[in-house]
Amino acid sequence: MGQKSTINETMRCGLEITANARKELMKWSTDEHAFFSMQVAFDVHIEKRPNNRQGNMSFSLFFDNGSNEALSKRLNNRVAVMECVYQNDGFLATGFHIRGRREPVQTNRRLPARLKFLVGRSTGIAMPIDLYTSIRELPIAQERSEYVKKRIASWEGYLRIQESNADVADLTTAFSMASFNEDFSKLSIVCSGLKGNEWNTIKGFSAKMKGLQYDIGSVINADRSKKIIEIELSRNYKEMARRNEWHPKSYKEVVFSNFAELSQVKRLRKGFKDLQDGLAANANLEKVLFEERPVVRISKKQQELVFHNELNEFQQEAVTGAMTSNDLYVIQGPPGTGKTTVISEICHQNVKAGLRTLVASQANLAVDNALGRLLAHQDIRILRYGRTDSIEEEGKKFIEENVALNWKNETLEAVNNQLQSNSEKEAQLQDDLASCEVRLGKIQLDLLSLDEKVKQKEEAEAQHLVLSSEIMKLSKKAEIYKKEREELLGNEAALNKLADVLNEEISRLEQILLVANISPKTIDKMEKLEFQLEKMRHYISYYQTRQMIDDTENAIVIIGKELELKSNKIDTIHVFVKQLDSITKIDLLKNRLEFFGIVPTFNMNWKMTELNKVIDSIKSDTTSGEYSDWQELQNRLLAAIEMIERLLKEHGFLPNAVRRTVNQKYSSVTDIHGLIDRVGKFLIDPSTKSSLETRNYSARKYDNLDKIAIALEMLRERKNYVQTQGGNLEKQNQIRLDAEKMFADIKTEIIDHTHQFISEIEQERSAMQRNAENHQITLNDLQRTADKLQNVVETVDETVSLSEVKEQLVQKERVYADYLDKKEMLKEYTKGLDAKNCEVDVNAQALKNNNAALQVISEELELVNDERLEQESLLAPLMELLAQNPEEQRQQTQTSLMNLSEKMKKLKVDKERMPINHSLQEEWRTLLTEANEYDLDEIRKMYVQHANVIGTTCVASARRDFMEEYPTFDVVIIDEVSKATPPELLLPMLKGKKIILVGDHHQLPPLMGQDTLEELLEESDNVEEKNELEKLLKESLFERLFRTLPKQNKTMLAIQYRMHESIMETITPFYKEGNYGLQCGLTDSDSVRDHLIESRYVQRNDHLLWFDMPNEPKYFEEKVKGGTSRFNQAELTMIKNLLMDLDKGTENAKNAGRIKQEDKKSVGVISFYGEQVKRVDRLIQQELIPQHLHCRTGSVDKFQGMEMDVIILSFVRNHQDKGGDIGFARDYRRLNVALSRARELLIIVGSSGMFTMRTKHPSSREMYGRLLESIKSENGFRNLEGIIKS
Amino acid sequence: MNDLKERLTKELQQDFDVKIMGSQSWSLPVNSIEIVYQTVMRTKVDILMKMMLIAFGKADIATAEELSDILLVEQLFINDLIDKMTRSGVIEKREGFYSLTDVGVRQFKTGIFVHEPENGSRQALYSPCHQTFLNGEINSIPYEEKGIYRFKNEFDDWSVATLEDTVLLDALKIMGVESGEGNVQIVVSEIISASDIEVDLVPCIEFHMYNEAEDLLYARVWNTLSEHWDEKLEAQLNEKERKKWREIYL
């Protein structure tokens, strides 16, 4: 079960206590030590709370009030809760309090553990790691609850709808008249005191006469216009009314109460709460229900089951799946596919597996149906739980007060059967014994002969062993010989092959020699050729030597010329060197160098370029004048300045700070000399002199002094300027000197270079002279050679060119080389031929030897084989003996002997016991017959205790007494799931460890009060309510689960056994899905679903009929005055005709012997509209009273789950209103239910024009159109006279 | 008789929407059957436990399964009781078989018959038309009706011999023949005989009712013996005569 990993053994766990917790604990014990030593250990359920502010894990420990005996006694069975945090490797109790007895202790969110608390500060024992891990992994209970709460909120709508009806206070009103109906099942009262909307709300309320203690029944109808309220009476009051003991008219007021509804809503709400609190028997339930992909635990491999019912493949799959799967299994079962059989089989399988099953459904009828189908078997103990008067006949025998009686009756029947068959059994026993005796004798004989056989076999085995080893030896020998022979044969072949190859080779060589022989003429010719060749070579040599002599002479002449050139050059260079001293200009130098063809070195080039640059810079310098001029000027300036300074000092003139302005005016040497002259002139000017000579101060004197001071400043400034200019000139002077030096360097370098150049040329000259000498020597040699050759060649034919001779030579040489090659080759071939001939001789000798050896071996082998065959022929009979297995046979025979003896012993015991058992059974029968209340009560107690299949409605499964008696079930099966709302389904689901849902989402959905959700939605004009309803409509729990569950958790039953095939065809479109289609399981529909009726309207082979009502006013629907329901008189008339016809037809069939006299055809007349049903019912009960039909009427909705031989379906709707509304009939699920109730014959009475043409919804038109087509194809479309229409 | 009819008429007329279209009275034949039976007194011991004690005393039974096969009772029940009896020291396993201890033997002896059987007889009223016994006292009927129930003939093919023992036993039980107080109880141990003694006539009053609002016709029959509106007779009349009434009354 999910995370519930129970820790079984006791664990030690440190516990510290806060003052607060101690205070609480001391209310129950003297101190904490006393408290926790009350028991050795405590069973607790640990719930995780969110971490506290310090981030410690927090827990609530719930002390089990069931298993902690001492504690429970002390606390008067209440539940203790200790709040703890995890701290210091143990718990720290921060609080302790007591909750009520009913406080749930064990939930899916809590960890059960048995703890021994070590109380005190310094226990020093760490919490066991298992426990620590478990509590750490616990989900925080509150968070899980929040999650479930959030998800389950989507179902709130259902409850709100129910609550909106239920949340009404009791209504008390006076009534004036009261009247029972025909069979005292209903009471009608006339009320005038009810207000407008109260008429609507009281539907479904329970009713009670003021002054009576109990409810008399529940309101099933409230007709405001007639002021009549119809109450369905409870069984009790019905009986009282029959006995005339209860007169409603004697009461004045009636009280309507919705207590039942309210308590139902309360139970549903509690279901929500329980799921939130983790109280589901299956911890996984919350996940399965709410996750988009339900997470179910995957089960191990499927079990092999033995079935008790006859099941088809789909049913077997469903049962096997339901038995093997975990958590949840869903079965989709279209009409007539044997859902109930499957449920019954699953119950039986569960009983066999020792599991307790709950069968639940929304309606009592479905529960009773399912239980009623269960096989009577002594191991199946069925209990029907619920209000006795709401349980149907099939379920009655299983209610608690009847189970004992039912048990007694069944046991009695079984005992009776047994007793009756006892004498037969005795005879049987006797027979068995006798036949056993006979078999025993035979087996013993067999055994003897088998012993003999075993002995023979043993002897044969020994013999066999000897022979085998002998044969083995021979075989080995033969094997060796064979191998040898094979080898020899192989050799022979190889030798032969070799000989062939050699012969071939020899003949080839001979052939070659024959062809390639050289004639003596050729040899002669070739010898001459050799001489010619020699001569030609000499001639060529001579010729070539002469050419070389010419070449050499030429070369000597050229060298002489060059030598002369070199001498000249040396002479000119010497001239240049002499000139060099006189050259002062660089450009000239360059010019000369070029002229004399002297290539300056890189270094020289660079230096010359540098020099050029320096020369350029000297040229560009604008400063004029010579350095010496400036020097002189400066000296004069200094003298002037000194003089003036002295003058000024003498006169005590302190010059003002004079601004020195650069005076550009005097920049050249002459200008500045001019300036000094001017100053001198001023000074020696007599006026100036006189003014200065005055001792006293005068303005003029001052003025002059000032002027002098200014002049001084000017001179000073200019002195600086001159100094600068002088510096510059000095620098330039330096550069010029450098340049001159550089030029001198270059010259020196050139001289060095030139000398080197000269020596190089001289070297070259001497080399040439040597060369010339060499040539001369060669020439001499060549002339000698030429002379020699001329002697050899004798005459030299000068006309033949050298190249021609050369060509001839090459050709002749080639011919001669070929000749030599060929000669060599012939020599080789001849040698090869000799070798081969030698080899042939050797080979022939080897072959001869080999053949001789082969002969010997073959003879040996034949001998050995003969011997082996002889031995083997001896072995065959032995093998035959050995092949037999007398030991095993003996073993088997012995076993069967033992079995037989055992059986006989048992039979004898049985036989001996027969009389005793018989008498015991008789006694038992007597006791059972005499069983009285007391006995049955004892049986009842035992039965209830051991009941293993329990049936109840969804809502009743949450009743408190039931919860206490059966808190959980191993398996919960819920039938007709689609008829229940999710909150209703939740109640039984909470109780199941495994849940099996059975239903059909293509049939009608749950009713909310009297209406389906769709109808509520249609009627609602509250936007909010509409939204709520739409939300609920979207989620059909069953459909969603069926869609989303993994394959092994669901199945669809696909074979139906109820309907004639052609009736089935009308609903197959609703189930078409992928490759799934509804199949008919009836092997021959026509014979097993023969309705046996032949009448005016119906023929034997008709199974599907539609009597078409024209879409004309005469046939239109009507509405009841003051009500909403509708009826259709024309259709009623047609139904009347049909029923009379069927009654007559059945009577005829009886008379013709097709139907048994006492049988009745079951006919259901159903309609989409309650008013029509009511009228049909009256028609049947009051007017027709058919003698041969068993008629039942009801709305389509009420008929879900039922089946009849014949069904007449009245559509009612027929009008020409604009909307073309067909009301309830629009829902395909309703049509599906309506069409699938009939076994043999389905008759539709309705307007095809209305339903296939006038109705505005395309989907409705299509749906009914398809139905019409289906009926037409069976020739079942009729007019009102019953004549086939097309 | 007329008083009764008048009272009933009045009461029926109080129902709204309903008219009494017609009424008549007639007699229903009821047979007095004398049932002779035997009762025994015995202590209250649960029958299954008693049966097991008997079995352990008489036969060699080694396992619960064996006993389950003989008594055709679920093994679980047998196991339960074996445990219970072993715990209270009534039985023990000896040489592989269950057997009674001394305590068991004593308890067993006192647990069966306390007294010898006694014979008794009672008269019960059987109505062939109902095919059941009826409750009531013939003596208390102060009226008489000449006409006999018109469909009586349809139920003629019966005789007292066809009545099964269980039906007779049920009738006796309903009359309170069996009783149990304290640790002792009286039970019918055997039906010795049943004989048809006489036929009494029980007057019945028949009304034909019509509910105008819903166009329904139906019968109400007051049975003076059982003193109630007799459902069975009403159903018989409805089925057989409704069509006729429709023709007559409407």
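**Where the chains meet**

Modeller: Let's start with the two chains: 41 residues of chain B are in contact with 37 residues of chain A. Keep in mind that this is a predicted model, where local features need pLDDT of at least 70, side-chain atom pairs count only at pLDDT 80 or more, and totals for chains, interfaces and linings use all residues. Residues are numbered from 1 along each chain as its sequence is written, with chains lettered from A and ligands numbered from 1 in the order in which they are written.

Biologist: What makes two residues "in contact"?

Modeller: Their C-beta atoms, placed from the backbone, lie within 7 Å.

Biologist: Which element of chain B gives the most to the side that touches chain A?

Modeller: Helix 2 of chain B, with seven residues. Helix 2 covers 47–58, and among the others that supply at least two residues each are strand 7 (184–211) and helix 7 (231–249) of chain B. Helices here are DSSP runs of H or I with at least four residues, strands are runs of E with at least two, and both are numbered from the N terminus.

Biologist: How do the residues on that side of chain B divide by type?

Modeller: Into 19 nonpolar, five polar and 17 charged. Ala, Val, Leu, Ile, Met, Phe, Trp, Tyr, Cys and Pro count as nonpolar, Asp, Glu, Lys and Arg as charged, and the others, Gly among them, as polar.

**Confidence and make-up**

Biologist: Where in chain A does pLDDT stay under 50?

Modeller: Over residues 1–5 of chain A, for which the model has nine contacts beyond four places in sequence. pLDDT is the predictor's confidence in each residue, from 0 to 100. Where it is low, the predicted coordinates should not be read in detail. Chain A averages 85, and 95% of the residues score at least 70.

Biologist: How many helices and strands are there in chain A, and how many in chain B?

Modeller: Chain A has 40 helices and 31 strands, while chain B has seven helices and nine strands. Of the 1286 residues of chain A, 31% count as buried, and for the 250 residues of chain B the figure is 31%.

**A buried helix**

Biologist: Why is helix 12 of chain A called mostly covered?

Modeller: Because 12 of its 14 residues are buried, and a residue is buried if 20 or more other C-beta atoms lie within 10 Å of its own (exposed if 12 or fewer, partly exposed in between, with C-beta atoms placed from the backbone). A:Val342, A:Ile343 and A:His348 are among the buried ones.

Biologist: What span is expected for helix 12 of chain A?

Modeller: The rule is 1.5 Å times one less than the number of residues. Helix 12 (residues 339–352) of chain A has 14 residues and reaches 20 Å from its first C-alpha to its last, close to the 20 Å expected. After helix 12 comes A:Gly354, with a positive phi near 75°.

**Barrel and sheet**

Biologist: How do you know that strand 7 and strand 8 of chain A pair?

Modeller: Two strands pair if DSSP finds at least two bridges between them. Strand 7 (residues 171–180) and strand 8 (residues 186–191) of chain A have five bridges, in the antiparallel sense, so they pair. One partner couple is A:Phe175 with A:Cys191. The hairpin has five residues between these strands, and there A:Phe184 takes a positive phi near 60°.

Biologist: What order do the strands of the barrel follow?

Modeller: Six strands of chain A close in the order 7-8-11-10-9-12, with antiparallel pairing. The twist averages 45° from one strand to the next. Strand 8 is joined to strand 11 (residues 228–233) of chain A by five bridges, and A:Ser188 stands opposite A:Glu230 there.

Biologist: Which are the edge strands of the open sheet in chain A?

Modeller: That sheet has seven strands in the order 15-16-14-17-18-13-21, paired parallel. Strand 15 (382–384) and strand 21 (1050–1052) of chain A are called edge strands because each pairs on one side only. Here the twist averages 15° from one strand to the next. Within the sheet, strand 14 (residues 357–361) and strand 17 (residues 969–975) of chain A share five bridges, with A:Thr357 opposite A:Val971.

Key
Axes are lines fitted to C-alpha atoms, for helices over the stretch in contact, and angles run from 0 to 180 degrees between N-to-C directions.
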